[in-house]
Amino acid sequence: MTRPALLFLLSGLLLAALSAPVLSGTVQEPAGQEEEHTVIEENMKTIKGGMRQLRRGLRDAENLPAALPVIVDMQKAAQACKTEIPKMAASISDEKERAAFVAAYRQGMIATQRLMLDLEDAVIAGDLEKCAQLYDALKNSQDKGHDRFTDE
Ligand code: HEM
């Protein structure tokens, strides 16, 4: 390759790197996988993975200790979601309505965080019945949350 051609290639690469979009609230995938996920989506996936582990993990007393770190990871993920703004907010043109939507989303996440704390408490107490109730309540919160705050 000639020297001018090499310089041209290098400056092109530099320009491409510098012009990479900086989008708040989104996490970019490695080059080649252009799909972007919001911070909420990324952390919701952690919560979903945790729920999958808990589906069986809360049935027997001997499995309860292993559920604790899973629940703590879900709590951290919920905390990360709480201060974000759902994608759907962008479709609400009225400013007051949008603010109310974001506030209600945050309250919904707080309620979910409470359930996760109560679940941690029930696991420590070894209360299998309460664990099952709280697992179901978390499932309900998912359905209610998605009905109200997502388009899907
Ligand atoms: C156990 C409870 C929950 C689970 C397992 C869960 C799981 C998920 C999953 C798997 C996604 C899609 C991620 C993707 O497409 O990559 C998602 C998206 C979403 N969830 Fe949840 N979710 C839960 C509770 C909630 C609650 C309580 C709310 C609201 C208060 C909520 C609000 C949302 C929103 C707004 C999105 C769309 C992402 C965005 O707008 O950026 N979720 N959730």
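Let's start with a pair of helices: α2 passes α3 in a left-handed crossing. The model you are looking at is predicted, and its chain comes to five helices and two strands. Those elements follow the order α-β-β-α-α-α-α from the N terminus on.

**How α2 meets α3**

- The axes of α2 and α3 come within 9 Å and cross at roughly 155°.
- Angles over 145 degrees count as roughly antiparallel, and α2 and α3 are therefore roughly antiparallel to each other.
- On the α2 side, the contact is made by Val 39, Ile 40, Asn 43, Met 44, Thr 46, Ile 47, Gly 50, Gln 53, Leu 54 and Gly 57.
- Facing them from α3 are Ala 66, Ala 67, Val 70, Ile 71, Asp 73, Met 74, Ala 77, Ala 78, Ala 80 and Cys 81.
- Sorted by class, the contact of α2 with α3 holds 14 nonpolar residues, five polar ones and one charged.

**How α3 meets α4**

- Helix α3 covers residues 64-82, and its axis comes within 10 Å of the axis of α4, with a crossing angle of roughly 165°.
- That angle makes α3 roughly antiparallel to α4.
- Here too the crossing is described by its hand: α3 passes α4 in a left-handed crossing.
- From α3, the contact takes in Leu 64, Ala 67, Leu 68, Ile 71, Met 74, Gln 75, Ala 78, Gln 79, Cys 81 and Lys 82.
- From α4 come Arg 106, Met 109, Ile 110, Thr 112, Gln 113, Met 116, Leu 119, Glu 120 and Val 123.
- The contact of α3 with α4 is made up of 12 nonpolar, four polar and three charged residues.
- Ala 67 and Met 74 are among the α3 residues listed for the contact with α2, and Ala 67 and Met 74 also belong to the contact with α4.

**Around the ligand**

- The ligand is surrounded by 23 residues, and the closest are Thr 38, Met 44, Gly 108, Gln 142 and Gly 145.
- Two or more residues of this shell come from each of β2 (36-38), α2 (39-57), α4 (95-125) and α5 (128-149).
- Helix α2 provides the largest share of the shell, seven residues.
- By class, the shell has 10 nonpolar, nine polar and four charged residues.

- Glu 84 sits in the loop between α3 and α4.
- Glu 84 counts as buried because 20 C-beta neighbours lie inside 10 Å.
- Glu 84 and Thr 38 are 46 residues apart along the chain, and their C-alpha atoms are separated by 9.0 Å.
- Ala 99 belongs to helix α4.
- With 12 C-beta neighbours inside 10 Å, Ala 99 counts as exposed.
- The C-alpha atoms of Ala 99 and Ala 89 are separated by 8.5 Å, with the two residues 10 apart along the chain.

**The chain as a whole**

- The chain has 152 residues, and buried residues make up 17% of them.
- Of the contacts between residues at least 6 apart in sequence, 60% join residues at least 24 apart.

Note on methods
Residues are numbered from 1 along each chain as its sequence is written. This is a predicted model: local features need pLDDT of at least 70, side-chain atom pairs count only at pLDDT 80 or more; totals for chains, interfaces and linings use all residues. A residue is near a molecule or strand if its C-beta atom, placed from the backbone, lies within 6 Å of it. Helices (H or I, at least four residues) and strands (E, at least two) are DSSP runs, numbered from the N terminus. Ala, Val, Leu, Ile, Met, Phe, Trp, Tyr, Cys and Pro count as nonpolar, Asp, Glu, Lys and Arg as charged, and the others, Gly among them, as polar. Axes are lines fitted to C-alpha atoms, for helices over the stretch in contact, and angles run from 0 to 180 degrees between N-to-C directions. Angles under 35 degrees count as roughly parallel, over 145 as roughly antiparallel, 65 to 115 as roughly perpendicular and the rest as oblique. A crossing is left-handed if the near helix is turned anticlockwise from the far one by less than a right angle, and right-handed if clockwise. Two residues are in contact if their C-beta atoms, placed from the backbone, lie within 7 Å.
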